[in-house]
Amino acid sequence: METVGTSGKPRRGGRGARERILAAAAALFYEEGIQATGVARLVETAEVSTRTFYQHFPTKTALVEEYLRSYEARLSQRIEQYLTRDGLTPEDQLLALFAMVADAASGPSGRTTTRGCPLHNAAVEAAGTMPDVRELVQRHKQGLVRLLTDIAARAGADDPERLGRHLAVLLEGATALSTSLDSPHPRHDALDAARVLIDQALPDVSSATEQSSQGPDVVVG
């Protein structure tokens, strides 16, 4: 059964309602903000009734959490695709994460306006009001640092934990600056800066190979 909302759009329940609500949340939360987006705006965009909305999500906070879990799952899948491409060395994998961010053309809403990381944005908006959201974001960001640290260790970094933290800061900072400037350039600059940081943190393979080919030093006394 269809009803008509205040905007004149038909409101549909039944099959697909949950997916439409999540799609509306992905667009509106990212473009307009979580706090600025009320239930009335969500149900109008999703073309569902308020009753249908609450049948799927008992509170707006429950929708926010599901929106972030869905985004995190898609992001993790995308990271996995970038990291498991054939022929990538650990060093290549570190750079692949920055290339992934640099290549991002749009946010979850599909629009090209730069709004930054949805998880970071949610943490800022949820500060003090949505503890479960804050914990979800913290777990994700901590997992990113661990991932970078693990790859840095496999790449042979002298201090993989330090390199992992530094790369995470660079990645987050580039995303934040892109948001402030509404420009993709900081994300591309971060890729260049990551190359420098990684080169400095990893052993000089060419020098080590050259020294090994010359044999051990011989001391004549």
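**Helix packing**

Modeller: Start with helix H4 (60–83). Its buried residues (under 20% relative accessible area, 1.4 Å probe, protein chains only) are covered by elements including H1, H2, helix H3 (50–56), H5, H6 and H7. Helices here are DSSP runs of H or I, at least four residues, numbered from the N terminus. This is a predicted model, where local features need pLDDT of at least 70, side-chain atom pairs count only at pLDDT 80 or more, and totals for chains, interfaces and linings use all residues. Residues are numbered from 1 along each chain as its sequence is written, and side-chain values use heavy atoms, without hydrogens or water.

Colleague: Which residues of H4 are buried?

Modeller: Among them are Leu63, Val64, Tyr67, Leu68, Tyr71 and Leu75. Lys60, Glu65 and Glu66 are buried too.

Colleague: What is lysine 60 in contact with?

Modeller: Leaving aside neighbours within four places in sequence, lysine 60 is in contact (heavy atoms within 4.5 Å) with Phe29, Ile34, Gln35, Thr37 and Val39. Lysine 60 and glutamine 35 are 25 residues apart in sequence, yet 10.0 Å apart in space, C-alpha to C-alpha.

Colleague: How do the axes of H1 and H4 cross?

Modeller: They come within 10 Å and cross at roughly 85°. The axes are lines fitted to C-alpha atoms over the stretch in contact, with angles from 0 to 180 degrees between N-to-C directions. H1 and H4 are therefore roughly perpendicular, a label for 65 to 115 degrees.

Colleague: And which residues meet there?

Modeller: From H1, Ala25, Ala26 and Phe29 are among them; from H4, Leu63 and Val64 are included.

Colleague: Switching topic. Which residues touch the most other members of the largest nonpolar core?

Modeller: Phe29, Phe53, Leu63, Leu68, Leu119, Val133 and Leu167, out of 56 residues. Such a core is a set of buried Ala, Val, Leu, Ile, Met, Phe, Trp, Tyr and Cys residues joined through side-chain atoms within 4.5 Å.

Colleague: What does phenylalanine 53 contact?

Modeller: Beyond four places in sequence, Ile21, Val39, Leu42, Val43, Val48 and Leu63.

Colleague: Now H7. What do its buried residues pack against?

Modeller: H4, H5, H6 and H8. Val133, Leu136 and His140 are among the buried residues of H7.

Colleague: How many residues does H7 have?

Modeller: H7 has 25 residues and reaches 36 Å from its first C-alpha to its last, close to the 36 Å expected at 1.5 Å a residue. The expected span is 1.5 Å times one less than the number of residues. Glycine 156 follows H7, with a positive phi near 95°.

Technical notes: Buried < 20%, exposed > 50% of the residue type's maximum accessible area, 1.4 Å probe, protein only. Helix = DSSP H or I, 4+ residues; strand = E, 2+ residues; numbered from the N terminus. Parallel < 35°, antiparallel > 145°, perpendicular 65-115°, else oblique.
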